[in-house]
Amino acid sequence: MQPKKTFAAATMLAGAMTAMSFMSAGAAQAQGELVMYCAVQEEWCRAMTTAFERETGIKVSMTRKSSGEIYAQVKAESQNPRADIWWGGTGDPHMQAAEEGLTEAYKSPKMSELQDWAVRQWEQSKERTVGIYSGALGFGYNTELAKSNNIGELKCWADLLKPELKDEVQVADPNSSGTAYTLLATIVQIMGEEKGFEYLKALHKNVNQYTKSGAAPAKATALGETTAGITFLHDMVTMVVDKAPVKVVAPCEGTGYEIGSMSIIKGAKNMDNAKKFYDWALTADAQKLGAEAKSYQVPSNKNTPVPPQAPKLSDIKLINFDFAKYGSSAERKRLLSKWDNEVKNLPK
Amino acid sequence: MTRATLGWIVLSWVGFVLLPWYGFDRSASPTIADYFVSGSALVQGLRGAWWLLPILMPLGMALVPVVRPSPRQKGTWLIASGLLGLALIVLQGFTIGLNGWTADILRDLFGEPGPSQSGIGYGATLTSASFLIILCHGLAARGWCRGDAFITSSIGAVVALIIVFVFFPVSTILASAFADNSGNFAPSEFAAKFMDRSIWGLDCLTSDLRCGVAWNTLFLGLLVAFGTTALGLAFALIATRTEFRYKKLLRVMSVLPIITPPFVIGLALILLFGRSGALSNVLWEWFGVPRSRWIYGLPGVFIAQLLAFTPIAFLVLIGVVQGISPTLEEASQTLRAKSWTTFWTVTLPLMRPGLANAFLLGFVESLADFGNPLVLGGNYEVLSTKIFFAVVGAQQDQGRAAVLAIILLAFTLGAFWMQHAWLGKKVYTTVTGKGDAGIPLPLPRRVALASYFTAIPWAVFTLAVYAIIVVGAFVRSMGRDYTPTLDHFLTAFRVERADWGLYFSGSAWDSFFATVKVAALSAPLTAAIGLLTAYLLTRQRFSGQRSFEFGTLLSFAIPGTVVGVSYILAFNVPPIEITGTGFILVMCFVFRNMPVGVRSGIATLSQIDKSLDEASLTLGARSATTMRRVVLPLLRPAIVASLVYSFVRAMTAVSAVIFLVTAEYNMATTYIVGRVEAGEFGLAIAYSTALILVMLLAIVAIQLVVGERRLGRRSASAAPSPVTVQAVP
């Protein structure tokens, strides 16, 4: 009997110690804290965290995930929310969360300083999410490969249909990536639904791979795995800054854009701090941090200096993107299943 | 009444009367008084939490056999007490939640919002555990499992843990397969989602269209399972049955892939075979082979998974090959069988449990793999990535994810069933108490050649992949700019000397420490639970054994994403509120990785003759002593396998933990994924090399601590030493 008991006791002790060491870990914390889910690049997230901590003394617990992951997590946690603020990431999941009432309506005193597109999105979401930056859609191409294959300069969406580019264009799958869904919605808005799908079918012949992640084509273009890649322009700019032989193109027909957004989680445990962060994140000082962290999106505060590397929104023909319509889950489901049936399953 | 039973009865009272029943709020700072008495269920119950008081009844019932000892009724009282206690705790836990009643019907009956309570704490945990053990002791007293309370308690504990950490969370998410987006019951939606053409379509047979994702997954899984089993066998045969000079090196190299963080193998393959990859460049410039993208799709995923999962097959098979008694082979030779006939009719059939387990693991691993299809999948879609993006992608359709998860589960179930059918009721015992004086036969020539021809090129290939990885960590940008640099390591692992000591200023340190801590804690727990389960499954007979075995396999079969989301759904609200703690990460790893411990334990145990245990029992040892002195030493390969595997897995898992990490417990892999997403391959690879180093050290340490199994086998060179297996201390 003896060894059995010592064994059982030892196991129990170990188990209890494990539980104890973890459960007490979060016990003693200062009053002012803020739990933030951050969906942009790690550097930017860290810069925001430390700057806010320095400014207010509020301790920020930041976790970085992709926007879709945060949406799934916020939804799963809705009974007992863990996070206070969800900062950054493409607007669609923010809009979806707003539609489902997972986030809190809030009117910041800084609203007057914001660009029109940010205000418009805020209104469309019933004040539940606000734009903090935007990035235009476009494509980039590898200049070395273009030269060796005699492809010439690419300027427009139509250029991507060139027969020389057969199997040379890469774009994400709209079912998995918000970037690619923005492309789908953009093309439909520029050309009309019927013509738009004709275009996508023609493009399908040139697409070598529908990647899972929206930014993946940028890397593939930089490495020379594909000649052209359709992504948000700032993803391509990051590659250019990294000295890759990539040319960034804002298509001549006009293009759509994403709005990186911010939402307060409904039932946040630190609601006051979340609002404090919300107001602060909309100031020009806070938005400057993006460029310093090598993220070249266009900030939403009118007074924020636009980073010189950022693709100038004035040079880009932006369409009047209807976030309310194309962000709604019904329209999204319809377009995605249409794309699945009519485009993705086409033979090459 | 044994002292153990009495002890558990006392503990159940301690949990109820002394310890805090509820967990503490994370922002609260509890005092000593909160820990003792004042937060206990008794005090809470008298102060208004009336629903806790009925638990006193089963607590009292457990005391009856103590006060009036009557051997006949003892078991009945204990069983009744345990059952009632557990039932009451579960009932109140699930009906009274954080915001009042949890069921609509209760709200209608008793009014809104009703009483509220938070998640369970130490007291509730201890009392529940005690009730469970009291129940098991009661069952033993009634004669279950030959009255061995240790066995019934072990079965009870493992079953309870599996129910809490596998069935409960998984059922919460699988239920969503039958619900529409707003959560209402809608079986028709399930049918529509299930029959979708993108899942079951067979267009690729008739035209150049794509086949359904289910067929893709199945095909890939079978290919990988065959491949890994064959390669694993080749390695195992070379390592145990030949005089190959670089055996040790081969062994190390075959284990390298298992300790490689996800994405890294995929990235390395792209850098080698991609269109601008190093090898493609050479082929193009020297031989004019046009560059292509063949790596993206089935070939790439297949190669990456072969690289990643062969070690698992190897680890399972090496124990089995070592365990095969040479006596049987010698007998075959004495009967004039040629060495090939011996191999084919004696050696190979004896390896069946190992082969079947290796195959099953390879298949299931391939099904659950997420990182490689993500990086290399191209247009070849598999279920695991599809499920991930159904949850987090633009569709945001949890129901669809659940439907796909059910299909994945069905495949695993099928493989599990087939494995059983193939193994049948044959006996594979080869490690017996009898003196085993045989010398392992050298391999038949053609088998040896085949092994060399598969294993050596593969080892060279592995070496090339790792060379790329190491180079990638030390150059500025792999594939574009080969300037040597240490920048990646400095960013991740910078250490500064401050006035008060060392300051770890690198951006990777937090996640690094958290990962090592979680991995180190979960590995021994995983091994212990896994091997205990294996022991119960092979050495004991009890009803429901088969479903018990399947339950242990369940969490392994379910894709990580689904497990991650289900853990949040299940453990974010009372009664068990543990999200955001490191504890949930440990539990997640323990129950996801336990199947490997179970499988390798079963494979090894089914070789060990039961008469060894029986001899020990006959000589008067208890079952626990037998386990410690006889079974465990013989299980050393399985212990090493499950310790190594669970440690490594805890350091390299991605999809499950992505939802469970917090600022405080960030994991290395989520950091790496972030780097890969940002295109900083160099940093990702540098961090990965550091992790590989840590894991290598851990593996060496585990090998040293656990030690090798010494069987009574002679080797050709060593002097004959007819020591039986039992002589191992």
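1. Phe343(B) counts as buried, because it has 21 C-beta neighbours inside 10 Å. The scale runs as follows: buried means 20 or more other C-beta atoms within 10 Å of the residue's own, exposed means 12 or fewer, and partly exposed lies in between, with C-beta atoms placed from the backbone. Phe343(B) sits in helix H18 (residues 339-350) of chain B. Helices (H or I, at least four residues) and strands (E, at least two) are DSSP runs, numbered from the N terminus. Neighbours within four places in sequence aside, Phe343(B) is in contact with Leu348(B), Leu443(B), Pro444(B) and Val447(B). Contact here means that the C-beta atoms of two residues, placed from the backbone, lie within 7 Å. Leu441(B) is 98 residues away along the chain, yet its C-alpha atom is 9.2 Å from that of Phe343(B).

2. A note on conventions. This is a predicted model: local features need pLDDT of at least 70, side-chain atom pairs count only at pLDDT 80 or more, and totals for chains, interfaces and linings use all residues. Residues are numbered from 1 along each chain as its sequence is written, while chains are lettered from A and ligands numbered from 1 in the order in which they are written.

3. Check the confidence of chain A. Its mean pLDDT (the predictor's confidence in each residue, from 0 to 100) is 84, and 91% of the residues reach 70 or more.

4. Next, the domains of chain A. Domain 1 covers 34-134 + 258-310, and domain 2 covers 136-256 + 329-344. These bounds come from an automatic or database domain assignment. The domain centres, taken over C-alpha atoms, are 27 Å apart. Twelve residues of domain 1 of chain A touch nine residues of domain 2 of chain A. On the domain 1 side, helix H4 (residues 91-99) of chain A gives the most, with three residues. That side divides into two nonpolar, six polar and four charged residues. The classes are these: Ala, Val, Leu, Ile, Met, Phe, Trp, Tyr, Cys and Pro count as nonpolar, Asp, Glu, Lys and Arg as charged, and the others, Gly among them, as polar.

5. Two backbone angles in chain A deserve a look. Asp167(A) is not a glycine but has a positive phi of about 60°. Its loop runs between helix H6 (143-148) and strand E6 (169-172) of chain A. Asp167(A) is partly exposed, because 15 other C-beta atoms lie within 10 Å. Lys294(A), also a residue other than glycine, has a positive phi near 65°. Lys294(A) lies in the loop between helix H13 (289-292) and strand E11 (298-299) of chain A. With 17 other C-beta atoms within 10 Å, Lys294(A) is partly exposed.

6. Helix packing in chain B. Helix H25 (residues 509-539) and helix H31 (residues 636-652) of chain B pack at about 145°, their axes 8 Å apart. Axes are lines fitted to C-alpha atoms, for helices over the stretch in contact, and angles run from 0 to 180 degrees between N-to-C directions. The contact includes Ala519(B), Ala523(B) and Gly530(B) of H25(B), and Ser642(B), Ser646(B) and Ala650(B) of H31(B). By class it has twelve nonpolar, six polar and no charged residues.

7. A second pair in chain B: the axes of helix H21 (residues 383-392) and helix H27 (residues 560-571) come within 8 Å and cross at roughly 35°. Ile387(B), Phe388(B) and Val391(B) of H21(B) meet Thr561(B), Val562(B) and Val565(B) of H27(B). Five of these residues are nonpolar, one is polar and none is charged.

8. Helix H14 (residues 264-273) of chain B is mostly covered, with nine of its ten residues buried. Among them are Val264(B), Leu267(B), Leu271(B) and Phe273(B). The cover includes helix H16 (298-323), helix H23 (445-474) and helix H33 (681-706) of chain B.

9. Last, Trp417(B). This residue lies in helix H22 (residues 398-423) of chain B. Trp417(B) counts as exposed, because it has 12 C-beta neighbours inside 10 Å. The C-alpha atom of Phe550(B), 133 residues apart along the chain, is 9.4 Å from that of Trp417(B).
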